[in-house]
Amino acid sequence: MKKLTIGSLVYDDFDGVFFSYQSLRLNNLDILEQLDLVIIDNNPDSAEGHATKDFCEKAYIRYIPAPEITSTAQRNRVFENAEAPYTICM
């Protein structure tokens, strides 16, 4: 059972996703199966968006494209898509 959802809203930020989520994964190997990692991508059709999606698939991070509205308010989708009782949006 997942205990904590950690998610981010991103827009053309592959490097930020890669280094932040690799750090989360590598520093929490003992509890990784209890973490629900989520990326909401506000620009999935860009080259950065494609790279982010590819990384998420390989790293078992849920990837949710969200091109319909470009806004920081989209971060609420992290909470809407959480699969754990506790959620952190970073």
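This report looks at charged side chains and the salt bridges between them.

## About the model

The model is predicted, so local features need pLDDT of at least 70 and side-chain atom pairs count only at pLDDT 80 or more, while totals for chains, interfaces and linings use all residues. Residues are numbered from 1 along each chain as its sequence is written, and side-chain values use heavy atoms, with hydrogens and water left out.

## Salt bridges

A search of the whole structure turns up four salt bridges (a side-chain nitrogen of Lys or Arg within 4 Å of a carboxyl oxygen of Asp or Glu). One of them pairs Arg-62 with Asp-36, with the closest N and O atoms 2.9 Å apart. Arg-62 sits in strand 3 (residues 62–65) and Asp-36 in strand 2, so this pair ties together parts 26 residues apart in sequence (strands are DSSP runs of E, at least two residues; helices are runs of H or I, at least four).

Arg-62 also meets Glu-83, at 3.5 Å from N to O. Together, Asp-36, Arg-62 and Glu-83 are linked in a network of salt bridges.

Over in helix 2 (residues 47–59), Lys-58 and Asp-54 lie four residues apart, about one turn of the helix. Their closest N and O atoms are 3.1 Å apart, in another salt bridge.

How accessible is Asp-36? Asp-36 counts as buried, at 3% relative accessibility, whereas Lys-58 is exposed at 60% (buried means under 20% relative accessible area, exposed over 50%, partly exposed in between, with a 1.4 Å probe and protein chains only).

Asp-41, in strand 2 (residues 35–41), is buried yet has no salt bridge. The nearest side chain of opposite charge, Lys-53, is 9.4 Å away.

Note on methods. Lys and Arg count as positive and Asp and Glu as negative; His and the chain ends are not counted.
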